[in-house]
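Colleague: Hi! Could you walk me through this one?
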Amino acid sequence: MNPKCARCTKTVYPVEKLSCLDKAWHKGCFSCEICKMTLTMKNYKGYDKKPYCTAHYPTTKFTAVADTPENKRLKENTKKQSNVQYHKDFEASRGHYIAVTDDPEMKRAQRSSEIASQVAYTQHSSGQSRLGVQQRTANGLKIN
Ligand SMILES: [Zn+2]
Ligand SMILES: [Zn+2]
C-alpha cells in the first residue's frame with residue numbers, strides 16, 4: 001500500500017517518494033508553504049510538520065530580553081507586519097497583488113516601529129553627548 005502525498009493527496013510511488021516530517025511527499029510536492037519553492041532534504045526547514053524555505057521559516061525573531069508591556073506591544077506589531085508580508089508574498093506569487101499597507105492598523109504598527117527606532121537613536125546620541133560633557137570637564141580641570 002503506497003502512502004498518499006501530504007501536499008496533493010495523490011498516491012506516492014517509491015520512485016518519487018520523499019519521506020519527511022512524518023509524511024510522504026512527491027519530490028515535486030515538497031515545497032515551501034509560503035512561496036511554493038521546491039525544497040530538498042538538504043534545504044528545507046520543518047515547522048508544524050510543514051516544509052518552509054529558509055526565508056519563510058516562521059522563526060521568533062525577537063527572543064525575550066525583557067517582557068515589558070512596551071516590548072510585548074512592539075512584538076505584536078512586528079508579528080502583524082510579518083503576517084501581512086507573508087500574505088503579500090503569497091498573493092504576489094499567484095499574480096494577485098493586494099496592497100494592504102493603507103490599513104489603519106498597519107499604519108499604527110508602522111508608526112510605533114518608527115518611534116522605537118527614534119527612541120534607540122535618542123538613547124544613543126544622549127550617551128554620546130554625556131561623554132562629550134565629561135571630556136569638556138576634564139579639559140576644564142586641566143586648565144585650572
Ligand atoms: Zn504530491
Ligand atoms: Zn518560501
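Modeller: One term to begin with: two residues are in contact if their C-beta atoms, placed from the backbone, lie within 7 Å. Leaving aside neighbours within four places in sequence, C32 is in contact with M37, L39, P51, Y52, C53 and H56. This is a predicted model, where local features need pLDDT of at least 70, side-chain atom pairs count only at pLDDT 80 or more, and totals for chains, interfaces and linings use all residues. Residues are numbered from 1 along each chain as its sequence is written, while chains are lettered from A and ligands numbered from 1 in the order in which they are written.

Colleague: Which elements run from the N terminus on?
Modeller: The order is β-β-β-β-α-α. Helices (H or I, at least four residues) and strands (E, at least two) are DSSP runs, numbered from the N terminus.

Colleague: How do β1 and β2 pair?
Modeller: Strand β1 (residues 17-20) and strand β2 (residues 23-26) are antiparallel, with 4 bridges; pairing takes at least two bridges found by DSSP. K17 stands opposite H26 in β2.

Colleague: And where does D22 lie?
Modeller: D22 is in the loop between β1 and β2. Its phi is near 65 degrees, a positive value in a residue other than glycine.

Colleague: Is D22 buried or exposed?
Modeller: D22 is exposed, with 8 other C-beta atoms within 10 Å. The cut-offs are 20 or more other C-beta atoms within 10 Å for buried, 12 or fewer for exposed, and partly exposed in between, with C-beta atoms placed from the backbone.

Colleague: New topic: how much of the protein counts as buried?
Modeller: Of its 144 residues, 10%.
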